[in-house]
Amino acid sequence: MVPEAAVVVYGDGTIQDILVTGDVRAQVRELGPVSKTVPVAAPGFIMPGLVDCHIHAPQYAFTGTGLDLPLMGPHGWLETYTFPVERRMVMDMAHAVRVYSAVVKRTLRSGTTTAAYFGTLHLLPTKALVVILQHYGQRALVGKVCMDRHSPENYCQPLEENLRETQEFVAFCPPTMPTAPGAAALVQPCITPRFVPACSSELQRGLASLAEEHGGLHIQTHVAESIDEVAFCRLLDEREPTCPGYGRDASILDAHGLLTSKTILAHGCHLSPAEITLLAARSSSVAHCPLSNAYFADAVLPVRRLLEAGVRVGLGSDVAGGYEPSMLAAIRACVISSKFLQAGVDHYDHIGGPTTSGPGGPVTSTGGPSPGALEGRNRSSPPASTHGEPPLKRGRPSGGGVGGAANNLREPSEVGFKEAFFLATAGGARALAMEDTVGSLEVGQAFDALVVQPGRSSQRSGLDLFPGDSLETAVEKFLHCGDDRDISQVYVQGRQVLCDGAFDCDDIQVDAVLQALSARTGSEGKVEPN
Ligand SMILES: [Zn+2]
C-alpha cells in the first residue's frame with residue numbers, strides 16, 4: 001500500500017502529527033521506530049472514533065426485543081422488561097460478564113470508541129463493567145444507577161445505600177491513566193440518578209454533593225423523555241412535592257444541583273423553551289437518541305432548536321430503548337427523524353384534512369403515583385398543562401392548509417448527514433465535556449480513531465464503490481450504507497483494540513473478572529459469583 005496520509009502517534013496515545021502532503025511514505029520512514037504511524041490509502045480513510053452519549057450496558061441482553069410497551073406504568077417497558085433484566089446482573093455474575101463483554105465488543109466493532117454507560121442499581125456488576133471496559137480498551141463514563149422510590153421492591157435501594165455504593169464506585173475507578181499519570185483515566189465514574197421519578201429529593205441532593213466533592217464528576221440521567229414520564233413528574237409535584245411548584249424534571253434536577261457543565265441528559269424531547277434556556281445557561285448537554293425516541297418519546301427532539309439555543313447535543317444509541325448499538329444507525333435515525341419533523345408526518349398537513357385530538361380523544365388523566373410502582377399513562381391521553389407550561393399535544397399541528405401551509409410555517413429542523421456525523425464525533429465529545437481529549441483528529445488529541453476501508457470486499461460490506469467515486473463519496477456511502485465490515489481497525493488512546501475483526505486481547509472470563517474485583521476491592525473481601 002502506498003499511503004496517502006498517515007497519523008503519527010506518541011507512545012502515550014496522543015496524536016503527534018498528521019501527514020497529508022508530500023511523500024508520506026518517505027516521511028513515515030524518516031520517523032523511524034520512535035513513533036507509531038497509522039497509514040491509509042484511498043478509498044480508505046481515517047476518521048475520529050464514534051461517541052455514544054447514552055447507552056445501558058445491561059439492556060444489551062434484550063436488545064432487539066420488547067419494544068411494544070410504553071415506558072412507564074406497572075405494565076410498562078421499564079417494569080416488564082428492563083428492571084428484571086437489570087436485576088439479573090447481580091443475581092448471576094457470569095451472565096453479567098457475558099452481557100457486558102458482548103456489548104463492549106459489539107460497540108467497539110461498530111466503531112464506538114467512547115460511550116457513556118448506565119450500569120445497574122448494583123455495585124458489583126457495575127464494577128465488573130469497568131474491569132471489562134479496561135480489558136477491551138473502550139473509553140467510557142460508567143454509572144451505578146441510583147433509585148430510591150417508585151421502583152419495584154426488589155429493584156430499589158434505600159437512600160443511604162445508594163449514596164454509599166456510589167461513593168464506593170467512584171473510589172473504585174482510578175482517576176488517572178496508570179500508564180500516563182495526569183491524563184484522564186480511560187474509564188471514569190459518572191453520577192447516575194436514573195431519573196426524577198425514581199429518585200427522592202434527598203438522593204438527588206446527595207448525589208449532586210458527591211459529584212461536587214470529587215471535583216466535578218460527570219452526571220448522567222434522563223429528562224423530559226416521554227408524555228408519560230413528564231406527566232409522572234407533574235403528579236409527583238402535586239402529590240409529594242420534590243420541589244414544590246416546579247413540576248418539571250429539568251427544573252427539579254436544577255434545584256438539586258444536578259445540572260452542571262458535565263451533566264448529560266438523555267432525550268429531552270419534551271423540554272419547554274424555558275428549560276432549553278436553562279440547559280444552555282447551565283452548559284448541560286442533551287444525548288439525542290432518535291431511534292429510541294421513535295418508540296418511547298411521543299416526539300422528535302428539535303435538535304436544531306437546541307443547538308441554536310446554545311445547548312450541546314451528542315447522539316446516543318439508548319440500547320435497548322434503541323435496538324441498534326451502532327452509532328452509524330444513530331446518525332441515520334437523526335437525519336431521518338429531523339426530516340420528518342421538518343416536512344410533517346401526515347399528508348393532511350399538506351392538504352388541510354380534518355382535525356381531531358387523536359385516537360385518545362380529549363385530554364384525560366389517570367391516578368397519581370402508587371407506592372412501589374411507576375405510574376402509567378395511556379399514551380394517547382396527555383395530561384392537562386399546569387405551571388404555565390404549554391400542554392403536551394398529540395396529532396398534527398392545526399392550521400394546515402392546502403399546498404403545505406403548515407409545512408411552510410415550521411421552523412427549520414432538518415439535520416444533514418454531515419451535521420449528524422459531527423454530533424456522533426466532535427459534538428458528542430463536547431456533550432460529554434471531553435472535547436479536549438477526543439472527538440476529532442488533531443495534534444494533541446488522543447488517537448481514538450477508525451480506519452475505514454469502505455466496500456473493501458463486496459461480500460463483506462453493505463456498500464459498493466465504483467471507479468470515479470471520490471473520497472467524499474466513499475465517506476458519504478459509508479455513513480449511509482456502511483457497517484462494521486467496513487471498519488478495518490479501531491484505536492483507543494493509540495491502542496489498536498481491533499484489527500480485521502480480531503481484538504488485541506483474549507476474551508475475558510468470569511473468573512478473571514472476579515479475581516480483578518477481589519484484588520481491587522482489597523480488604524473488603526472476596527467477591528463470589530452468586
Ligand atoms: Zn436511557
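The following exercises, each with a worked solution, concern a predicted model.

Residues are numbered from 1 along each chain as its sequence is written, and side-chain values use heavy atoms, with hydrogens and water left out. Local features need pLDDT of at least 70 and side-chain atom pairs count only at pLDDT 80 or more, whereas totals for chains, interfaces and linings use all residues.

**Exercise 1. Helix H9**

Task: Determine which residues of helix H9 are buried and where they lie around the axis.

Solution. 
1. Helices (H or I, at least four residues) and strands (E, at least two) are DSSP runs, numbered from the N terminus. Helix H9 spans residues 273-282.
2. Buried means under 20% relative accessible area, exposed over 50%, and partly exposed in between (1.4 Å probe, protein chains only). In H9, Glu275, Ile276, Leu278 and Leu279 are the buried residues. Because they cover an arc of only 160 degrees around the axis, they are on the same side of H9; the arc is that of the directions from the helix axis to the C-beta atoms.
3. Pro273, Ala274, Thr277 and Ala281 are exposed on the other side of H9.
4. The buried residues pack against helix H8 (249-255), strand E11 (263-267), strand E12 (285-288) and helix H11 (303-308).
5. Just after H9, Ser283 takes a positive phi of about 60 degrees.

**Exercise 2. Salt bridges**

Solution. 
1. A salt bridge is a side-chain nitrogen of Lys or Arg within 4 Å of a carboxyl oxygen of Asp or Glu. By this rule the count comes to 13 salt bridges.
2. Glu275 belongs to helix H9 and Arg248 to the loop between helix H7 (227-239) and H8, so the pair ties together parts that are 27 residues apart in sequence. Glu275 is buried, with a relative accessible area of 2%, and Arg248 counts as buried at 5%.
3. Lys127 lies in helix H4 (residues 123-136) and Glu168 in helix H5 (residues 159-172), so parts that are 41 residues apart in sequence are tied together. Lys127 is buried at 5% relative accessible area, while Glu168 is partly exposed at 25%.

**Exercise 3. Strands E15, E16 and E17**

Task: Describe how strand E16 pairs with E15 and with E17.

Solution. 
1. Two strands pair if DSSP finds at least two bridges between them. E15 (residues 487-492) and E16 (residues 495-499) pair in the antiparallel sense over four bridges; Arg495 in E16 is the bridge partner of Val492.
2. The hairpin of E15 and E16 has two residues between the strands, and Gln493 takes a positive phi near 50 degrees there.
3. E16 also pairs with E17 (residues 502-503), in the antiparallel sense over two bridges. Leu498 stands opposite Phe503 in E17.
4. In the hairpin of E16 and E17, with two residues between the strands, Asp500 has a positive phi near 50 degrees.

**Exercise 4. Thr425**

Task: Decide whether Thr425 is buried or exposed, and name its contacts.

Solution. 
1. Thr425 sits in the loop between helix H15 (417-423) and helix H16 (426-431).
2. Its relative accessible area is 3%, so Thr425 is buried.
3. Contact means heavy atoms within 4.5 Å. Leaving aside neighbours within four places in sequence, Thr425 is in contact with Pro48, Gly49, Leu50, Val51 and Gly439.
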